[in-house]
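Welcome, and thanks for taking a look. Below is a short tour of salt bridges, a helix and a strand, so keep the viewer open as you read.

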Amino acid sequence: MSGRVVSMTLKRLSLFQDLDARELELLAAVMRERRVDADTVIFREGEPGNSCFFVVDGSVEVRKKVGRRHERTLATLRPGQMFGHVALVDAWPRSATCIAAESSRLLELERQDFDTLFHSGSRFAFKFQELIARVVAAQLRDANHKLNLLATASRATPTDVEMEEVQELLGFTDASEEWARMQGRDSTGA
Amino acid sequence: MSIQREALRAFREIPLLSSLSDDELYEIVRICTMRAYDPGEFVFRQGDEGRSLMIVASGRIEVVLEGDRTADAVARLGPGDVLGELSLIDAGPRSATAIATSETTVYELTGEAFETLRQQQHPAAYKIVRTLARVACARLRGVNERIEAYFDGRTPEPPKTGRFSGFDLASQPPDERGNSAVQGIRRIVQKFWRGTP
């Protein structure tokens with residue numbers, strides 16, 4: 001994919017809507033396209049972070065180990081979403097594993113180029129920083145919401161809406177029957 | 001000592017502002033407004049649209065979650081502590097309520113004042129945003145860690161109090177005293193695990 005095509009692709013992603021044509025070109029010039037098959041591990045939990053990614057087509061699952069033997073799917077990332085940036089900002093190891101859920105097209109930005117963008121002090125660097133900061137702040141807001149739900153649900157008898165949200169968060173939608181049984185209610189919710 | 005000089009001295013000690021030079025700090029001091037609250041007065045309410053960062057100059061502020069039935073403070077803040085800093089980059093509603101618990105004064109940096117600084121591409125704004133990105137990442141890891149604790153049976157770490165209280169004021173550890181709901185969730189989780197090859 002040529003720089004021009006990458007820049008066109010970037011323009012499509014709402015994440016970059018505040019960037020002008022020249023800035024998109026600058027960004028496109030340092031990005032690399034990657035096509036991955038379903039089940040390709042993009043990076044693993046615990047590894048050092050060497051690049052961040054943007055989903056162009058397809059989807060990517062974020063998974064985390066639960067205990068020693070199990071894995072939980074935390075999120076499914078869709079076109080336009082960014083991942084892997086946290087480890088580049090704070091230089092800690094990867095906090096989760098990312099796996100292509102289907103055949104997908106990604107854009108990769110390597111650490112060195114990310115750092116240049118993030119730290120150069122240019123006008124564009126400032127915009128890029130703000131973009132990253134906003135993405136992380138939104139993720140944090142989302143995580144806070146989930147934590148609040150879990151805390152609420154574990155503290156008292158949750159409402160049906162809260163329970164639905166918790167089940168969605170847990171990653172199973174068919175648990176309502178089980179839950180209703182535990183609550184001594186009819187699974188139809190009547 | 002002038003208010004400005006006093007503020008400058010206080011601001012030098014704040015991690016969020018630690019990369020700023022004295023000139024840059026002075027610029028921040030210049031655009032801050034001083035606010036005073038009586039004991040029991042709200043600094044802001046959960047769900048408010050307010051966009052401002054506050055640095056406690058004197059007094060005490062407690063942060064509580066309004067939906068929390070236990071009504072315990074999730075953070076207690078004093079001089080030098082910062083609240084609401086992420087609202088500068090993420091204009092969502094306030095995630096918790098802050099109440100003054102004594103005669104309290106704060107330095108307030110409003111979203112508008114910060115926006116002006118940002119449009120001038122002032123180095124102070126640049127440095128604050130960079131630090132905020134790091135703060136947000138650290139907090140995201142912390143919150144995710146606490147979420148995961150619900151899934152692998154560990155007791156979540158109690159919430160941190162003090163500095164950087166703004167956004168991760170999410171929860172108390174689960175009440176373990178015969179709480180059927182948390183056990184219910186865990187049972188569902190365990191059932192799910194057993195079903196996984």
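## A charged network in chain A

A:Arg32, A:Arg34, A:Glu108 and A:Glu110 are joined in a network of salt bridges (a salt bridge being a side-chain nitrogen of Lys or Arg within 4 Å of a carboxyl oxygen of Asp or Glu). Within chain A, A:Glu108 pairs with A:Arg34, and their closest N and O atoms are 3.5 Å apart. A:Glu108 belongs to strand β8 (residues 104-110) and A:Arg34 to strand β1 (residues 31-36), so this pair ties together parts 74 residues apart in sequence. Helices (H or I, at least four residues) and strands (E, at least two) are DSSP runs, numbered from the N terminus.

How accessible are the two partners, A:Glu108 and A:Arg34? A:Glu108 is buried, with a relative accessible area of 7%, whereas A:Arg34 is partly exposed, at 23%. Here buried means under 20% relative accessible area, exposed over 50%, and partly exposed in between, with a 1.4 Å probe and protein chains only.

This is a predicted model: local features need pLDDT of at least 70 and side-chain atom pairs count only at pLDDT 80 or more, while totals for chains, interfaces and linings use all residues. Residues are numbered from 1 along each chain as its sequence is written, chains are lettered from A and ligands numbered from 1 in the order in which they are written, and side-chain values use heavy atoms, leaving out hydrogens and water.

## Salt bridges in chain B

Over all chains, the structure holds 22 salt bridges. One of them joins B:Glu24 and B:Lys127, at 2.9 Å from N to O. This pair links distant parts of the chain, with B:Glu24 in helix α2 (residues 22-31) and B:Lys127 in helix α4 (residues 123-151), 103 residues apart. B:Glu24 is buried, at 10% relative accessible area.

B:Arg76 also forms a salt bridge, with B:Glu62, their closest N and O atoms lying 3.1 Å apart. B:Arg76 sits in strand β5 (residues 73-77) and B:Glu62 in strand β4 (residues 61-64), so the pair connects parts 14 residues apart in sequence. B:Glu62 is partly exposed, at 25% relative accessibility.

## An enclosed helix

In α4(B), 23 of the 29 residues are buried, so this helix is largely enclosed by the rest of the structure.

## Strand β3 and its partners

In strand β3 (residues 52-58) of chain B, five of the seven residues are buried. Six bridges join β3(B) to strand β8 (residues 104-110) of chain B, running antiparallel, and B:Val56 stands opposite B:Val106 there. Two bridges join β3(B) to strand β6 (residues 82-83) of chain B, also antiparallel, with B:Ile55 opposite B:Val82. Strands count as paired if DSSP finds at least two bridges between them.
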